[in-house]
Every structure is written in C-alpha cells, then in structure tokens.
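User: Please take a close look at the helix packing here. I would like to know which residues make the contacts and what surrounds them.

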Amino acid sequence: MKNNRRDFIKLTGMAGLGISGAGMIESCSSGTEGKKEPSLDQLSKEMEKSHVQRFNMSGYAAPKIETVGVGIIGLGNRGPGHMKNLSRIEGVEIKALCDIQPEKAERAKKMLEGSGHNPIIYTGNEDEWKKLCEQEDIDLVIIVSPWYMHAKMAVYAMEHGKHAASEVALAASLEECWQVVETAERTRKHCMMMANYCYNSFELMILNMARQGFFGDIVHGEGGYIANKIRNNFSKDKYWDMWWLKQYANRKGNIYPIHGFEIICQMMDINRGDKLGHLVAVESEDFIMGKKAKELAAGDDFYKEFADKDFRGNINTSLIKTSKGRTIVVQHDASTYRPYTLKHEIYGMEASVQGYPRPSRIYKREGGYVSPEEYKSLEEKYKPNILKKKSLFGQESGSEFGSDLLMMWRLIDCLHNGLPLDMDVYDGVSMSSVLPLSEWSVNNGSHPIEIPDFTAGAWETNKRNMDINLEKGGNTRLKLG
Ligand SMILES: NC(=O)c1ccc[n+]([C@@H]2O[C@H](COP(=O)([O-])OP(=O)(O)OC[C@H]3O[C@@H](n4cnc5c(N)ncnc54)[C@H](O)[C@@H]3O)[C@@H](O)[C@H]2O)c1
C-alpha cells in the first residue's frame, strides 16, 4: 500500500493540510511519528455514517423564479458559450461575470453588447468570485472555472442563497462531495452538475429506449472520456495557468469521470432504484506525458516544473458494481492515439447499444444488428418530447440548437416553473466521487473501495428526475434571431 498519507489528505481534504490552487498538497504535518493512519475506506465509511440527511433534495422543487438573475464564474474556453446560450433564453438576466483574468471578463461582457444584458464585472484577484455569489439580485451561479474549484464555489453560492450549476466535475475530493450535499440539504438550494452530454440526441433517445424497456433488464454499461488532449494540455495558452497539465502531473486515477458516464447512470436509474456500490481502478503507467514534458523542458524552461513529475498513467479504467449487481466501466484516456469515444455502451437482456464509433449501432436479441432503416424508425419512435422541442426551436430560430443550449434552456425552464431539476446534487457527487475513489484504488494496488451512498438510503424510493418527455414545464421561450 503506497502513498497512504497522500491519499488520506486528498480524500478527506483535511483542514489545515492546505490544498493548493492545483488541488495539490502544499504541506502535511505527519502527526505523531510511527502512528498508524486510518485506512481510507474506513474514513470514507465514517464520513458516510456521520451524515444525517436533513432533507431529501431528490425531487425537490424550489419556489418559482420569474426572471432568473445569473452570475457566471470562469470565462475561459467554456464560459462564454454558456453565457451566450443564457442570453438567448427569455426570462434570464445576466447580472454578473467573474474571471480572475480581466481580459477574459471584459471580452465576455463585450460579446453581450446590444443584448440588453449589462453585467457587473468582478476580476483581478482569486477571491472576487465570492462577491459575485454575494450579489443580491443573483438567483443562479453558473460555475465554469477549473474543476478543482467547483465545489468550494458551489458551496459558497448556496450559503449565500443562490442555486448553483457547475461544470463537470462537481467535486474533487470526498470531503467536498459531502460538503456539497450537506450544504444543499441545509440551504435547500439546487446544486446541479451540468452533464451536457445527457442532452445529445442519441443519448436522449437511448435513455428513452431504456425507460420504455427496449433493452430489457440492463446488466452492464461502459462510458468514458477518451480524447487525445496532448496538444491542448501542453499548450502554453489553451488553459488558464496550465491547470489541466498540473492535474495530470500531480494526480492519479480517473481525473475526469465524465461525459460517457452520466447517461449510463441515468439509464441504470442510479440514485433512484439502484446506486453505485463499489469500485476498483486499474491504471496503465504513463508512457507519453512524462516523456513529452522532459523533451519540451530540454529546450524551454517554461516546462521545467513538469520535467520530473510522476504523471498520471495514460489509461485509467475504473470498474464499478452497483448495489443491484450490475457493472459499469468508466475509462479516461487523454493521451494515447486512438479515435475519440465516449463509449456509451449498454448491454441488456433484450438488446444492446454501442454509441461509438459513429454511426451508433443497436443489436437485438432477435435479429442481431438493426438495419439503417430500422435504426431510423427507432429514432422516430423513441424520440422524447424534449428532442421534439429542440427541433421546433431550431426551426423557429433558424439557427444551430446544440445540446448545451438545450441543457441550459431546461435548467432555466425548471427554475421558472418551480420544478425539480433534471439532475440533483446526489447525481453530481456520486459521479464525481469516482475521481478521488479511483485515485485511492490506483494508489493502493487496485483495492476495491465502497462508493458512499450520498442519498442516505433514499435511492431505494427516489423517483426518476430527467423529465425527457416534458411532462411539466416546457413553456420557457427562446429569443429569436
Ligand atoms: N461539459 C463540457 O463539455 C466541458 C467542455 C470543456 C470544459 N469543461 C469544464 O469547464 C471548466 C472550464 O474549462 P475551460 O476549458 O473553460 O478552462 P479555461 O482554463 O479555459 O477556463 C477557466 C477560466 O477560469 C478562470 N479562473 C481561474 N481561477 C479563477 C478564480 N479564482 N476566479 C475566477 N475565475 C477563475 C480562468 O481565468 C479561466 O478563464 C472545467 O471544469 C472543465 O472541466 C466542460
């Protein structure tokens, strides 16, 4: 068992040990020499045991908000897209923007010229985002900073009376997961992880198929984020402060258990009928990133800080067994040379689906792979109402209507109508917890570890939340043009 101390600190985020901006440990007093440290799986169980659910946020509907005042933190690559989408939705006022880099915040504000939105700008130091969360006329804080900052920002936003919607992932340590849950339950504020891939047409269709029983009982699912990001991660200016490269250089495990995983959880009714049970993670060595860092550092001092790092292995594969006995593979690979895939594979008693490579394929117990013609008719048959709405919006506005806009529209629509959100705090943290848990498993010889039940037992009776047939709401309008 190596690195126990390190994992203990990361898993618990213990006060006083100092987690730095890059999510790394700055200092760690080793305590009494020779004293045995508690094992991580025990600590995790203790955290779970000490949590009492004050209020079940699953199915929770906050009071209606007629005009949603929005503040956005983080306006790098991803933030401006969310801002533009929000500016297209009726009943939204963008009240504030925050980025530590003044030019990013100003550039974003400029994009809003002529739109009727006139946000206050917060910028220049790393805690300015707190002022945004404190601003009175804001109802919803959209968090688009690097992922290791999301939990603290979401917690602060909720503490100041705001709903929070965070980019992926929602939390980077188990302690953060619990903090987010505890805060949401105490403040009764929504905290949603914006799992945008759940709003793609294919994913919405297969979710509908799963709910209508097309696959029969689902036995196994595979999801992941497999995309070569070497060029981006080593670029000097793609991401703020080289934050992604720092994560790969300093952590282990599945540091992005996102994109392919969310729809699998929805299809398996995780947190509402089933739950993630335990996890085992296996990771390859790093054959690529460390070598590249050394090569770059030889000719450019900028990369020196990365030259001797013990980079995360290239491929992390985490295997989860659910409480109902099903299995899920979640994989992350951002450095080998293979085609982009989120996998999106579901295997059931009656049929299965393989999302990648495109075109996606459906296989039936009777008849094998369906023909392209049958695939098309299944697409029509299992198109949920939210996709019909999306087509309608596309026709009305005559412009591109992507899954990010659909997700944002649905989030605002739920707030306007006082409806439960499509994804709740338990969804966000249970998926995000794969990050610290897989890291621990990798650092401990792939030992299994329990995935906490963040719902405190409510998963057995919680109702489904993604209302893909728009049984309620759906009346929020888009601005045309
Ligand atoms: N869902 C998706 O499809 C998707 C796609 C890309 C990125 N993401 C997520 O979006 C988030 C942002 O990614 P990105 O590619 O835009 O990264 P980025 O580095 O381009 O942007 C992050 C921004 O946060 C700002 N920032 C850093 N510290 C701050 C602070 N203390 N206060 C205010 N602003 C601060 C930076 O200046 C930067 O502009 C990440 O969490 C990432 O995981 C999601």
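Analyst: An axis is a line fitted to C-alpha atoms, for helices over the stretch in contact, and angles run from 0 to 180 degrees between N-to-C directions. Helices (H or I, at least four residues) and strands (E, at least two) are DSSP runs, numbered from the N terminus. The model is predicted: local features need pLDDT of at least 70, side-chain atom pairs count only at pLDDT 80 or more, and totals for chains, interfaces and linings use all residues. Residue numbers start from 1 along each chain as its sequence is written.

Take the pair α3 and α15 to begin with. The axis of α3 (residues 79-87) comes within 9 Å of that of α15, and the two cross at roughly 55 degrees. That angle makes α3 oblique to α15 (under 35 degrees is roughly parallel, over 145 roughly antiparallel, 65 to 115 roughly perpendicular, and the rest oblique). On the α3 side the contact uses Gly81, His82, Asn85 and Leu86, and on the α15 side Asp404, Leu405 and Met408 (in contact: C-beta atoms, placed from the backbone, within 7 Å). By class, three of these residues are nonpolar, three polar and one charged (nonpolar: Ala, Val, Leu, Ile, Met, Phe, Trp, Tyr, Cys and Pro; charged: Asp, Glu, Lys and Arg; polar: the others, Gly among them).

The pair α6 and α7 is arranged as follows. Helix α6 (residues 150-159) and helix α7 (residues 174-187) have axes that come within 9 Å and cross at roughly 15 degrees. The two are therefore roughly parallel to each other, and their crossing is left-handed. Ala151, Ala154, Val155, Met158 and Glu159 of α6 meet Glu176, Gln179, Val180, Thr183, Ala184 and Thr187 of α7. This contact has six nonpolar, three polar and two charged residues.

Two of the contact residues can be followed further. Thr183, in helix α7, is buried, with 20 other C-beta atoms within 10 Å (20 or more count as buried, 12 or fewer as exposed, and in between as partly exposed). Leaving out residues up to four places away in sequence, Thr183 touches Val155, Met158 and Glu159. Ala154, with neighbours within four places set aside, is in contact with Ile143, Ala164, Ser166, Leu170, Val180 and Cys191.

Ala154 and Val180 are also among the residues with the most contacts inside the largest nonpolar core, which has 118 residues; Val141 and Ala169 are the others named (a core is a set of buried Ala, Val, Leu, Ile, Met, Phe, Trp, Tyr and Cys residues joined through C-beta atoms within 7 Å). Helix α15 (residues 403-417) gives the most to this core, with nine residues.

Lys162 sits in the loop between α6 and β5 (163-166). Lys162 is buried, with 25 other C-beta atoms within 10 Å. Beyond four places in sequence, its contacts are Cys133, Ile138, Asp139, Leu140, Val141, Ala157 and Lys189.

Elsewhere, six of the eight residues of α10 (residues 243-250) are buried, so α10 is largely enclosed by the rest of the structure. The buried residues are Trp244, Leu245, Lys246, Gln247, Tyr248 and Ala249, and they pack against α9 (230-234) and α12 (289-299).

Notes. Left-handed = near helix turned anticlockwise from the far one by under 90°. Contact = placed C-beta atoms within 7 Å.
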